[in-house]
Amino acid sequence: MKRLFENKTIKALLVAAFWIFVWQCAAWAVGSELLLPSPADTARALVLLCVKPSFWISCALTLLRVFAGFVAGMLLGSALGVLTAISGFASSLLSPLRSVVKATPVTSFIILVLLYLSSTLTPMFIAFLMVLPIAWTNVANGVLSTDAQLIEMANVFGFPKAKKLKCVYAPSVLPHFLSACTTGLGFAWKSGVTAEVIAHPEFGIGKAIYESKLYLETPELFAWTAAVILLSIALEKLVILLLGRIVKWN
Amino acid sequence: MELRNVSFSYDGKPVLENVSLDLSGGRHICVMGESGRGKTTLMRLLLGFISPASGEVIRSENERPSAVFQEDRLLPWFTAERNVREVWSKDRFALSPKELLSEMELGDSLDKLPKELSGGMQRRVAIARALAFGGDPLLLDEPFKGLDVPMRERIAKKVLDLAGNASILLITHDEYEAKLLKCDEIIRL
């Protein structure tokens with residue numbers, strides 16, 4: 001058993017099998033597909049959904065909204081992180097904004113944003129809003145934790161600003177930025193899909209989840225949730241792969 | 001570069017009092033003293049990181065000091081060669097970073113990251129970097145820390161050969177190092 005756990009793939013498969021078994025046992029114990037569908041019911045519902053074009057349209061549009069919101073949040077959050085780390089005035093002025101965004105419940109934002117934006121744009125904006133403070137805080141911490149001795153060294157050896165940024169600050173901030181990416185992606189998915197549940201765009205996973213719940217299609221609800229999890233994992237892997245390539249290239 | 005009657009204190013506790021030294025004209029000066037006597041503070045004053053409480057630090061406009069810090073301060077994400085290359089320019093130092101590192105007996109460690117090098121090897125990369133910058137004066141804060149005696153002798157000889165006519169300020173505990181770098185004057189703090 002110990003040897004089996006040394007192989008990463010086998011370990012992952014065994015862990016997954018264990019939790020699917022626990023789920024199956026729970027489904028047997030409950031004995032109602034309406035309350036808790038079994039893994040097989042969910043898989044069947046997922047296969048049935050996969051043959052419908054609307055499933056793929058919903059997945060693609062949700063993916064697009066979440067990704068667009070994530071990218072915008074990372075870009076603006078990183079810029080604000082740098083700005084507030086290097087300027088005390090900007091930090092004093094803008095930090096309350098970050099605290100408000102962090103503390104406000106996502107549903108309040110969704111309902112508020114729906115007053116101004118369409119149901120299609122709202123999930124994107126909400127994903128952006130949830131990612132923004134994560135990128136902001138992480139990047140600011142990265143800039144502030146840059147080794148002061150390396151900055152002094154760069155000054156002594158006359159590094160111009162761009163070189164200092166490339167050789168000292170960027171590599172120091174990178175681990176914080178990557179951490180913000182993985183955390184932010186999870187938040188973007190959760191908030192984006194939640195926004196779709198409330199905003200009801202024409203196509204979207206969140207809307208489909210809401211409708212499954214409305215018509216008591218619990219296996220379908222589980223299937224849509226599985227789709228969110230799979231898409232989220234796929235997107236996270238893709239983003240990490242792309243960032244890894246960019247870092248290596250540099 | 002010159003210090004005239006410079007004093008400095010941390011939290012009211014005097015660290016340096018009326019220290020003067022003149023690093024012009026290719027002079028080699030050694031500053032010695034026990035820990036806590038302000039040797040590194042002296043280096044920080046010369047590099048302009050701090051200002052003296054009294055006295056003057058005189059630098060000419062086109063002066064470009066080069067330094068080996070008490071800590072190696074290598075960029076941990078770059079190889080040994082890249083650490084040197086980032087400060088090197090052909091106009092100021094004839095040898096390439098590869099050649100310079102070979103002179104420091106690191107020819108087979110060019111592609112290694114600092115964490116893959118021993119303490120003594122990292123020290124030699126820091127020395128190579130200071131030389132590659134081609135600065136004058138060359139400020140060396142315990143440059144041979146972590147090197148055994150034969151290696152110290154060989155590296156000191158290389159520093160003398162490669163620094164050309166640059167002035168040198170050596171900060172050390174060990175008077176033997178002052179001899180190795182042919183210091184004209186020893187200031188005891």
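A: In this predicted model, three salt bridges are counted between chain B and chain A. A salt bridge is a side-chain nitrogen of Lys or Arg within 4 Å of a carboxyl oxygen of Asp or Glu. One joins the side chains of A:Glu152 and B:Arg73, at 2.8 Å from N to O.

Contact means heavy atoms within 4.5 Å. By that rule, 20 residues of chain B touch 14 residues of chain A. The buried area between them is about 1,500 Å², and carbon and sulfur atoms give 67% of it. Buried area is the accessible area (1.4 Å probe) that two parts lose on being put together, summed over both. On the chain B side, B:Arg73, B:Trp77 and B:Glu86 lose the most area to chain A, together 37% of what that side buries.

B:Trp77 also touches A:Ser172. A:Ser172 sits in helix α8 (residues 161-199) of chain A. It counts as buried because its relative accessibility is 13%, where buried means under 20% relative accessible area with a 1.4 Å probe, protein chains only. A polar atom of the A:Ser172 side chain lies 2.7 Å from the backbone oxygen of A:Val168.

Residues are numbered from 1 along each chain as its sequence is written, and chains are lettered from A and ligands numbered from 1 in the order in which they are written. Local features need pLDDT of at least 70, side-chain atom pairs count only at pLDDT 80 or more, totals for chains, interfaces and linings use all residues, and side-chain values use heavy atoms, with hydrogens and water left out.

Note on methods: Helix = DSSP H or I, 4+ residues; strand = E, 2+ residues; numbered from the N terminus. Buried < 20%, exposed > 50% of the residue type's maximum accessible area, 1.4 Å probe, protein only. Polar contact = N/O pair within 3.5 Å; in protein donor to acceptor, adjacent residues only side chain to side chain. Lists of a residue's contacts leave out its neighbours within four places in sequence.
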